[in-house]
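Okay, thanks for coming, everyone. Let me put the thing up on the screen and then we'll walk through it.

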Amino acid sequence: MTTSLDTPRDQPAVSTGEQRLLRPLGETSKYLVLVLFSAFFLIPLVWMVSTSLKNAEELPLYPPIWIPDPIRWDNYVTAFVEGSLGGYLWNTVVVTVPSVIGAVLSNSLIAYGFARVQWPGRDYVFAVVLATMILPDFVTFIPLYLIFRDLNWLNTYYPLILPIFLGSPFFIFLLRQFLMALPAELTDAARVDGASELLIFLRIVIPLATPALAVVALFQFIGSWNDYFGPLIYLSDVDKYTISLGIANMESAYGFSNFAWIMAATCMSILPIILLFFFAQRTFIEGIALTGLKG
Amino acid sequence: MTAAASSFRFSSRRDRKRLATGLLFISPWILGFIVFRVYPFLASLYYSFTFYPVLRSPRWLGWDNYVNLFDDPRFLTSLWNSTYYALGAVPLGTLFGILLAMLLNMRVRGLSAFRTIFFLPSITPIVAAAIVWLWMFNPRSGVVNYLLSFVGINGPAWLGDPQWAKAALILMSVWSVGNAVVIYLAALQDVPRELLEASSLDGANTIQKIWNITLPMISPVILFNVIVGLIAAFQFFTQVHVMTDGRGSPADSTLMMSIYLYQSAFEFFKMGYASAQAWILFLIIVVFTMVLFRVSGRLVYYGGR
């Protein structure tokens with residue numbers, strides 16, 4: 001009798017004992033997996049910085065060297081002198097700044113038209129906007145290339161910048177979702193007072209939409225800064241190359257023995273993006289989450 | 001029905017004024033839609049039926065380009081390579097994306113530090129990442145094989161070996177999974193806690209909770225990510241172009257559809273042939289997207305909507 005009474009009391013005791021053993025084990029393995037993956041994500045970046053500070057003689061050594069001796073800061077100077085890094089960076093700024101302005105201007109206007117103005121047929125047209133998202137760039141790039149050729153715009157920055165002033169479906173979608181969520185009373189009151197839509201857009205909606213506009217600006221900055229395919233097909237003079245194309249060009253033009261300063265150039269190409277990321281981390285994370293969730 | 005019908009009736013002056021205002025606001029999109037979407041879409045379809053060496057005007061061919069493509073061993077190779085890459089990279093990215101997001105969602109210390117570390121590769125310019133990985137995959141002095149040697153593996157030549165080159169590219173694609181992790185993490189944080197607590201009270205274990213509650217709740221986000229991932233994987237270009245000098249080497253083992261398409265257009269100047277390739281790429285993307293929507297219809301839970 002006593003044993004049969006004891007067992008139900010024993011069982012939870014055993015399982016809590018098991019839990020006491022398993023929980024720290026689970027905790028440890030959780031952190032172990034996270035740390036392993038962190039290493040996987042960080043090693044290439046660490047390796048990049050390490051390589052950028054090496055001597056040419058240290059490059060082919062095996063096992064690889066992680067901390068160069070001496071540390072060659074002058075690789076960064078070489079990247080500017082030999083690799084004309086300064087020119088590439090400047091060209092990229094020349095493309096990126098107007099692109100960001102264009103993306104914010106056009107997509108906010110367009111999204112306002114889809115979110116805050118009630119016009120007949122609006123939602124059908126918006127469905128068309130969404131449908132164009134599936135259209136791959138590889139389908140349209142040959143005719144686009146030929147258009148820009150006939151306009152005599154090859155080897156200029158116009159093909160990289162001007163299309164952005166006409167909106168992109170992804171940004172329109174993102175901003176529309178944001179603007180739809182703003183309460184109607186905000187704009188209704190102004191409309192009753194007789195304000196024009198443009199005035200409402202500029203004075204009321206734009207100030208409230210700043211967080212979403214920051215997301216658009218950020219994504220467009222990264223998109224233009226990192227773009228490879230556009231510059232590849234439209235730019236032919238090395239003098240006009242943007243940073244992505246310039247670095248790829250360094251990699252193929254100078255061989256193995258120059259890899260250290262090419263890595264220095266690569267580090268410099270990432271630096272603006274990393275800085276931006278640390279200053280605007282919340283905007284980033286919220287923006288990414290927004291894009292995935294409302295889909 | 002009635003709502004849709006009435007919205008098309010231009011009943012009042014106010015409606016017409018609103019239409020004008022709306023169209024004015026979206027006018028940049030309308031212009032871009034016609035010039036940069038509709039026209040190139042139709043033009044590329046037309047070119048795909050023509051012989052079009054770039055310096056002369058296109059000449060009508062009919063179906064010849066499409067017929068020739070399926071006799072072209074390099075095109076078939078590129079079709080195989082792109083499919084192989086997509087079917088490797090997308091499931092792996094989904095799996096690790098969800099796994100890492102779930103780990104981060106388990107009340108982890110240093111969450112924001114981990115999230116930052118996971119996310120950094122996603123904002124690294126693709127060209128920079130490609131050059132670093134090219135260097136890391138070096139069979140003689142590369143970091144990848146060095147690390148593998150610690151667990152007793154004598155690593156392959158990776159990008160130098162036709163059998164391993166695609167595997168190297170897929171491994172590299174996992175490196176930028178952080179974007180998906182952030183999206184999945186946000187989705188996981190929206191899963192109602194009451195549901196999970198209720199099932200705990202009913203005696204469900206962790207695996208059952210994940211399978212029966214968490215995954216169904218985030219399934220729309222998974223579907224969205226898989227579709228976006230597939231579309232991107234079939235257009236995979238920059239890494240290969242940088243790492244193989246645009247050749248898809250060794251022995252065409254990394255010749256993706258996008259790379260061959262680019263070669264046809266800008267190295268062989270066969271705009272018609274390249275357009276036909278682009279259309280096959282487009283049809284593949286459309287078919288995959290439709291199949292995914294069909295298959296997922298039963299699997300994806302839309303919260304009763």
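So, how far apart are the C-alpha centres of domain 1 of chain B and domain 2 of chain B? They lie 31 Å apart. Quick caveat: this is a predicted model, where local features need pLDDT of at least 70, side-chain atom pairs count only at pLDDT 80 or more, and totals for chains, interfaces and linings use all residues. Residues are numbered from 1 along each chain as its sequence is written, and chains are lettered from A and ligands numbered from 1 in the order in which they are written.

Back to chain B: domain 1 is 15–65 and domain 2 is 72–299, with bounds from an automatic or database domain assignment. Twelve residues of domain 1 of chain B are in contact with nine of domain 2 of chain B, contact being C-beta atoms, placed from the backbone, within 7 Å. On the domain 1 side, helix 2 of chain B gives the most, with three residues; helices here are DSSP runs of H or I, at least four residues, numbered from the N terminus.

Now Trp175(B), which sits in helix 8 (residues 165–175) of chain B. Why is Trp175(B) called partly exposed? Because it has 18 other C-beta atoms within 10 Å; buried takes 20 or more, exposed 12 or fewer, and partly exposed is in between, with C-beta atoms placed from the backbone. Setting aside neighbours within four places in sequence, Trp175(B) is in contact with Phe41(A), Pro44(A) and Pro121(B).

Terms used
Helix = DSSP H or I, 4+ residues; strand = E, 2+ residues; numbered from the N terminus. Contact = placed C-beta atoms within 7 Å.
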